[in-house]
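Dear colleague,

Please find the structure below, handed over for your records. My notes on its aromatic rings follow.

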Amino acid sequence: MHIATTASAAPTRIGAPTASPSRWLDPESWRARGIPLLRDPRTLIKRLYDLHRPVARTAVVAVLDRSERPVASASFAFGEGRTDGWRCRNMILANLRLIVPDDLRRGTPTHTTVLAIHREGAREWEADDGRWMWGLHDACVLHGLRCGAFAVVAQDGWQLVADGRSGRTPALRTGRDGGPGGSTPIRAAGIAPARPAAGLPHVRYLPEAGPAPLVRPSAS
């Protein structure tokens with residue numbers, strides 16, 4: 001996917017990566033953007049974890065309604081090596097376009113997007129997280145959504161960046177036990193998209209109530 005313009009840029013800060021300082025956010029910059037706080041982050045992160053069963057190097061992006069109920073989500077592997085802010089943005093945006101219509105015609109967004117990165121090691125903030133944070137914020141602007149929380153799920157548990165809340169569970173499982181992995185296509189869950197979800201091997205539609213998702217054939 002090629003997108004010619006960038007919707008937002010972060011100010012250059014001491015300690016920011018020199019290669020792409022405008023495509024990177026630190027926790028201070030993140031807080032300055034007024035990102036809304038989740039009321040019950042553990043429940044949400046656990047529900048998404050149970051639904052997508054992510055392994056290391058997997059991202060889960062979810063779209064929430066006004067009551068913070070996830071109406072759509074997608075998981076995708078992002079591979080090895082250092083990430084780039086544009087690449088992060090484009091992967092998030094591509095998955096958002098698959099699972100939920102945009103809110104660009106609305107004066108105020110009706111949905112909020114959250115992102116959880118799953119990786120080996122510790123849950124403390126790292127420089128690559130700043131590129132994902134920039135990518136999440138920019139993807140939300142381009143899809144007409146409100147930017148929400150950014151979470152890291154690692155082997156020692158989870159935490160919300162720039163929020164201070166964390167927990168021991170869920171935590172990243174060692175080994176590859178059913179997540180998307182490095183070559184398996186994404187799995188999506190949520191409301192029916194505006195166009196057929198071609199190429200998705202599994203499309204799961206979340207019920208109106210209850211923790212367990214309904215599993216239906218692909219919409220393609």
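Arg23 lies over the face of Trp86, 4.1 Å from the ring centre; a charge sits over a ring if NZ of Lys or CZ of Arg is within 6 Å of the ring centre and within 35 degrees of the ring normal. Please note that this is a predicted model, in which local features need pLDDT of at least 70, side-chain atom pairs count only at pLDDT 80 or more, and totals for chains, interfaces and linings use all residues. Residues are numbered from 1 along each chain as its sequence is written, and side-chain values use heavy atoms, with hydrogens and water left out.

Rings of Phe, Tyr and Trp (its six-membered ring) pair if their centres lie within 6.5 Å; planes under 30 degrees apart count as stacked, over 60 as edge-to-face and the rest as tilted. By this rule there are three aromatic pairs. One of them joins Phe76 and Trp132, with centres 6.4 Å apart and planes at 45°, so the pair is tilted. Phe76 belongs to strand E2 (residues 70-77) and Trp132 to helix H4 (residues 127-143), 56 residues apart; helices (H or I, at least four residues) and strands (E, at least two) are DSSP runs, numbered from the N terminus.

Phe76, at 4% relative accessibility, counts as buried (under 20% relative accessible area, with exposed over 50% and partly exposed in between; 1.4 Å probe, protein chains only). Trp132 is likewise buried, at 2%.

Phe78 and Trp132 form an edge-to-face pair, 5.0 Å centre to centre with 65° between the planes. Phe78 lies in the loop between E2 and helix H3 (85-99) and Trp132 in helix H4, so this pair ties together parts 54 residues apart in sequence. Phe78 is buried, as is Trp132.

Yours sincerely
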